[in-house]
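Look at the structure first, then read on.

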Amino acid sequence: MSRLSVFSGAILAAFCLSSLAWPARGESVFEAISREVQVVYAQHQSAIVRIQAEDEHGRLSGSGFYIDPNGTIFTSYTIGGDTRNIVVCSGDSKLPAERLVGDARSGIAILKVKARTPFLVIGKSADLSVASPVIVIGYPMDLPATPTFGAVGGFDVKYLGRYLSPAYIRANVPVERGEGGAPLLNLKGEAVGILISPRENGTGCFALPIEAAEKVHADFLRFGEARPGWLGITVGKAPRDEEGPPEVREVIPDSPAAKSGLQKGDLLLGIGEKRIHSPEDVLDASFYLTAGDEVPLLVSRDGKETTLQARAVGIPAPLDALRILKDFAAHPGVSPVETIWKVNK
Amino acid sequence: MPPDKDNPDDISKLLRLKRFEQPGPEYFEGFLRDFHRRQREEVLRPLWRIALDRAGAFFGGDIHREIIGYGTAAAAAVVLFLGVVNFESVESGKQPVAAASAEKSPDTRTASANMLRTEQPRYVIDTRPVSYHEPPFSF
């Protein structure tokens, strides 16, 4: 085969492939987007449900979606985490649901109905980038399932002075009450997030990455409950490079971090599969720790990178501070206030 | 070796550990729920309770509660007596007020029934994502 024919064939193939990305003849870009959204809505709307429940204030209503054919549902904690008499509504059917796990730390709940159900395929929020198109399909107010189209605005660990864990997907998708727990979908119809809250005036929203929900789900399947991990490290900005990886400020004695060999002054470069570029990245990475699991810690010490292995434990229960203070008061000469001040300054 | 409660260093270690332990978000959410519930209970006291407390404050203390209670009961008896007398006089010759009201606004009862049938649940979405960390970050 001559070089000319090969070259011509390659040019033709490239032209054909690129033409697929353009709207069909006579169709505008907006019509193409509309067609995509309609396809996703038509194919996946049956897997998205309205969820009604009761709490101490009365009845409430939100959204959720099936993640497998056995009736497992992801929704927000407000709707399914601490409520009773949960009913899943889809079309004309109303099914009672039981709560498998409610995790206030992440803001989601996992429910289950006894039925064979359509379901959404789980995607990867890590494949999203700024301006990636996304769709929310939920039940706003008392309206039927409604699609809303928008784009990813960013991935945030900080909002209005408060820090988020893990990093949330910020999407420029207008949402309304009743849509809490609805899925955030990519244009393939894969679930990449769970709608948690609106932003200012409901013109945008924050969605929990689907990987965070999967982490809670995996904990439930393994242990019957969410099981966040703890290492015993405090980090802050490195004095020499405040824009770079964080510095380890303190390692709790006898903690998993101490047993791994981590030292004060080390620069933290990675936790598990997550690379750390700033102190805020720690909030995202630490969410995925599981008590009992070993996790690699990539650190830089004296200019050299090294990997330490730490086995996370459960987050310690709060100590009885009152009991300690009473012990202090029983011993003259040891002022509890002075001791606490010395420890915490 | 168990920590020595007389040793300030051991106590310091315990307190340092305490710094890194904090209740989960459910503790604070539960606290806010209870706080708001108590606020509502305080604000939404029954009218009779508010009136009794104000009357007691006006007359200067708990000593007068019994007097106020007896007085209120007497006033209620008088009102009831007058109401019964009025009802009997209305029945003797005039058209019942209730029936007249119904004829004038036949839609009132229907409108109330419609309101009950269409009572809506709370359509929920969280106001903000779960957030509770403050720097420095501990994990």
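Chain A contains 8 helices and 21 strands; these are DSSP runs numbered from the N terminus, with helices being H or I of at least four residues and strands E of at least two. The model is predicted, so local features need pLDDT of at least 70 and side-chain atom pairs count only at pLDDT 80 or more, while totals for chains, interfaces and linings use all residues. Residues are numbered from 1 along each chain as its sequence is written, and chains are lettered from A and ligands numbered from 1 in the order in which they are written.

Of the 345 residues in chain A, 41% are buried. A residue counts as buried if 20 or more other C-beta atoms, placed from the backbone, lie within 10 Å of its own. Among contacts with a separation of 6 or more in chain A, 57% join residues 24 or more positions apart; a contact means C-beta atoms, placed from the backbone, within 7 Å.

Strands pair if DSSP finds at least two bridges between them.

| Pair | Residues | Sense | Bridges |
|---|---|---|---|
| β8(A) and β9(A) | 133-138 and 146-159 | antiparallel | 6 bridges |
| β9(A) and β10(A) | 146-159 and 162-171 | antiparallel | 6 bridges |

A:G138 has A:T146 of β9(A) as its bridge partner. A:Y159 is opposite A:R162 in β10(A). The hairpin of β9(A) and β10(A) has 2 residues between the strands, and A:L160 there takes a positive phi near 50 degrees.

Helix α6(A), residues 279-287, is mostly covered, with 8 of its 9 residues buried. Those buried include A:P279, A:V282, A:L283 and A:F287.

Conventions: A residue is buried if 20 or more other C-beta atoms lie within 10 Å of its own, exposed if 12 or fewer, and partly exposed in between; C-beta atoms are placed from the backbone. Two residues are in contact if their C-beta atoms, placed from the backbone, lie within 7 Å.
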